[in-house]
Amino acid sequence: MQYKVLQIQLTKAEIDMVNSGVELRKHVLKSWMFGERVVPSATEAMNLGFYDHVLTIDAEKLEDVFYIGNFMDDRYLDKVQVHDTFSSVSVGDVVVDENDFAFVVDMFGFEMLPDKIEKGV
(Lines give C-alpha, C1' and ligand atoms only; values in the text may rest on other atoms or scores of the structure.)
Protein backbone atom coordinates (compact mmCIF):
# COMPACT_ATOMS: atom_id res chain seq x y z
CA MET A 1 0.00 0.00 0.00
CA GLN A 2 1.21 3.50 -0.73
CA TYR A 3 1.01 6.01 2.08
CA LYS A 4 1.35 9.79 1.77
CA VAL A 5 3.35 11.50 4.49
CA LEU A 6 2.28 15.07 5.25
CA GLN A 7 4.39 17.40 7.37
CA ILE A 8 4.23 20.96 8.59
CA GLN A 9 7.37 22.69 7.32
CA LEU A 10 8.22 26.25 8.23
CA THR A 11 9.82 28.43 5.57
CA LYS A 12 13.00 30.37 6.36
CA ALA A 13 10.92 33.55 6.61
CA GLU A 14 8.54 31.88 9.08
CA ILE A 15 11.46 30.59 11.16
CA ASP A 16 12.91 34.11 11.24
CA MET A 17 9.53 35.47 12.39
CA VAL A 18 9.26 32.89 15.18
CA ASN A 19 12.84 33.58 16.27
CA SER A 20 12.04 37.30 16.46
CA GLY A 21 9.11 36.62 18.80
CA VAL A 22 6.17 36.54 16.38
CA GLU A 23 3.58 33.94 17.36
CA LEU A 24 2.64 32.08 14.17
CA ARG A 25 -0.40 29.78 14.39
CA LYS A 26 1.40 27.26 12.15
CA HIS A 27 4.31 27.04 14.60
CA VAL A 28 2.04 26.95 17.66
CA LEU A 29 0.06 24.01 16.25
CA LYS A 30 3.24 22.16 15.28
CA SER A 31 4.79 22.72 18.71
CA TRP A 32 1.79 21.64 20.76
CA MET A 33 0.86 18.53 18.80
CA PHE A 34 0.95 15.72 21.33
CA GLY A 35 -1.31 13.89 23.77
CA GLU A 36 -4.89 15.14 23.98
CA ARG A 37 -4.12 17.99 21.57
CA VAL A 38 -2.74 15.87 18.73
CA VAL A 39 -6.01 15.19 16.88
CA PRO A 40 -7.58 18.67 17.29
CA SER A 41 -4.28 20.38 16.41
CA ALA A 42 -3.66 18.18 13.36
CA THR A 43 -7.26 18.67 12.21
CA GLU A 44 -6.97 22.45 12.54
CA ALA A 45 -3.60 22.46 10.76
CA MET A 46 -5.09 20.36 7.91
CA ASN A 47 -8.05 22.73 7.61
CA LEU A 48 -5.70 25.72 7.48
CA GLY A 49 -3.58 24.11 4.74
CA PHE A 50 -0.42 23.91 6.86
CA TYR A 51 0.51 20.37 5.80
CA ASP A 52 2.58 19.55 2.70
CA HIS A 53 2.80 16.16 0.99
CA VAL A 54 6.53 15.47 1.38
CA LEU A 55 6.90 11.70 0.92
CA THR A 56 5.11 8.69 -0.47
CA ILE A 57 6.14 5.43 1.17
CA ASP A 58 5.30 1.93 -0.01
CA ALA A 59 4.64 -0.10 3.15
CA GLU A 60 2.41 -2.79 4.60
CA LYS A 61 1.21 -0.84 7.65
CA LEU A 62 1.47 2.49 9.44
CA GLU A 63 4.25 1.28 11.73
CA ASP A 64 6.34 0.45 8.65
CA VAL A 65 5.83 4.01 7.37
CA PHE A 66 7.13 5.33 10.67
CA TYR A 67 10.14 2.99 10.60
CA ILE A 68 11.08 3.68 6.98
CA GLY A 69 10.52 7.41 7.47
CA ASN A 70 12.98 7.38 10.36
CA PHE A 71 15.61 4.89 9.22
CA MET A 72 15.77 5.56 5.50
CA ASP A 73 18.76 3.69 4.18
CA ASP A 74 19.71 1.81 1.02
CA ARG A 75 17.33 -1.05 1.86
CA TYR A 76 14.30 1.24 1.62
CA LEU A 77 15.16 3.76 -1.09
CA ASP A 78 13.03 1.90 -3.63
CA LYS A 79 10.02 2.27 -1.29
CA VAL A 80 10.22 6.06 -0.95
CA GLN A 81 9.29 8.89 -3.29
CA VAL A 82 10.44 12.31 -2.13
CA HIS A 83 8.19 15.23 -3.10
CA ASP A 84 9.53 18.08 -0.98
CA THR A 85 11.89 18.94 1.86
CA PHE A 86 11.17 16.60 4.76
CA SER A 87 12.30 15.58 8.20
CA SER A 88 12.06 12.15 9.80
CA VAL A 89 8.51 11.00 10.47
CA SER A 90 7.54 12.15 13.96
CA VAL A 91 4.76 13.30 16.27
CA GLY A 92 2.29 15.55 14.49
CA ASP A 93 2.96 14.24 11.00
CA VAL A 94 -0.04 12.88 9.11
CA VAL A 95 -0.01 9.61 7.18
CA VAL A 96 -2.76 9.10 4.58
CA ASP A 97 -3.61 5.64 3.28
CA GLU A 98 -4.88 4.71 -0.19
CA ASN A 99 -8.48 5.01 1.03
CA ASP A 100 -7.86 8.64 2.07
CA PHE A 101 -8.06 7.88 5.80
CA ALA A 102 -5.62 10.04 7.73
CA PHE A 103 -3.68 9.15 10.86
CA VAL A 104 -1.61 11.55 12.92
CA VAL A 105 1.57 10.28 14.54
CA ASP A 106 1.15 10.49 18.32
CA MET A 107 3.67 9.96 21.10
CA PHE A 108 2.76 6.27 21.10
CA GLY A 109 1.27 5.01 17.85
CA PHE A 110 -1.24 6.75 15.62
CA GLU A 111 -4.59 8.48 16.06
CA MET A 112 -7.14 8.54 13.24
CA LEU A 113 -8.32 11.97 12.13
CA PRO A 114 -12.09 12.44 12.05
CA ASP A 115 -12.42 13.29 8.35
CA LYS A 116 -11.20 11.65 5.19
CA ILE A 117 -8.65 13.61 3.21
CA GLU A 118 -9.71 15.18 -0.07
CA LYS A 119 -8.16 13.70 -3.19
CA GLY A 120 -5.11 15.51 -4.50
CA VAL A 121 -3.34 16.00 -1.17
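This is a predicted model: local features need pLDDT of at least 70, side-chain atom pairs count only at pLDDT 80 or more; totals for chains, interfaces and linings use all residues.
Contact here means heavy atoms within 4.5 Å, and that is the sense in which one element is said to cover or touch another in what follows. The buried residues of H3 are Val38, Ser41, Ala42, Thr43, Ala45 and Met46. Their cover includes helix H2 (25-31) along with strands E1, E2, E4, E5 and E6.

The strands belong to an open sheet. Six of them line up in the order E3-E2-E1-E4-E5-E6, with antiparallel pairing. At the edges stand E3 (80-82) and E6 (110-112); each has a single partner strand, so one side of each is left without a neighbour in the sheet. On average, and ignoring direction, neighbouring strands of this sheet are turned by 30° against each other.

Now for some of the pairings. E1 (residues 2-8) and E2 (residues 51-58) run antiparallel and are joined by seven bridges. Within this pair, Ile8 has Tyr51 of E2 as its bridge partner, while Val5 sits opposite Leu55 in E2. E2 also pairs with E3, again in the antiparallel sense, over three bridges. Here Thr56 finds its bridge partner in Gln81 of E3.

H3 (residues 38-47) lies across E1, E2, E4 (94-96), E5 (102-105) and E6, and runs at about 120° to E5. Helix H4 (residues 62-70) packs on the sheet as well, touching E1, E2, E3, E4, E5 and E6, and its direction makes about 100° with that of E2.

Next, the loop between E4 and E5, which is where Asp100 lies. The phi of Asp100 is near 70°, a positive value in a residue other than glycine. What about its accessibility, buried or exposed? Asp100 has a relative accessibility of 10%, and because buried means under 20%, Asp100 counts as buried.

Thr43 is one of the buried residues of H3. As for Ala102, 12 residues away along the chain, its C-alpha atom is separated from that of Pro114 by 8.2 Å.

Finally, the aromatics. A pair of aromatic rings is described by the distance of the centres and the angle of the planes. The count comes to two aromatic pairs. One of them is formed by Tyr67 and Phe71, at 4.8 Å centre to centre with 40° between the planes, which makes the pair tilted. How accessible are the two residues? Tyr67 has a relative accessibility of 37% and so counts as partly exposed. Phe71, at 45% relative accessibility, counts as partly exposed too.

Methods:
Residues are numbered from 1 along each chain as its sequence is written. Side-chain values use heavy atoms; hydrogens and water are left out. Two strands pair if DSSP finds at least two bridges between them. Helices (H or I, at least four residues) and strands (E, at least two) are DSSP runs, numbered from the N terminus. Axes are lines fitted to C-alpha atoms, for helices over the stretch in contact, and angles run from 0 to 180 degrees between N-to-C directions. Buried means under 20% relative accessible area, exposed over 50%, partly exposed in between (1.4 Å probe, protein chains only). Rings of Phe, Tyr and Trp (its six-membered ring) pair if their centres lie within 6.5 Å; planes under 30 degrees apart count as stacked, over 60 as edge-to-face and the rest as tilted.
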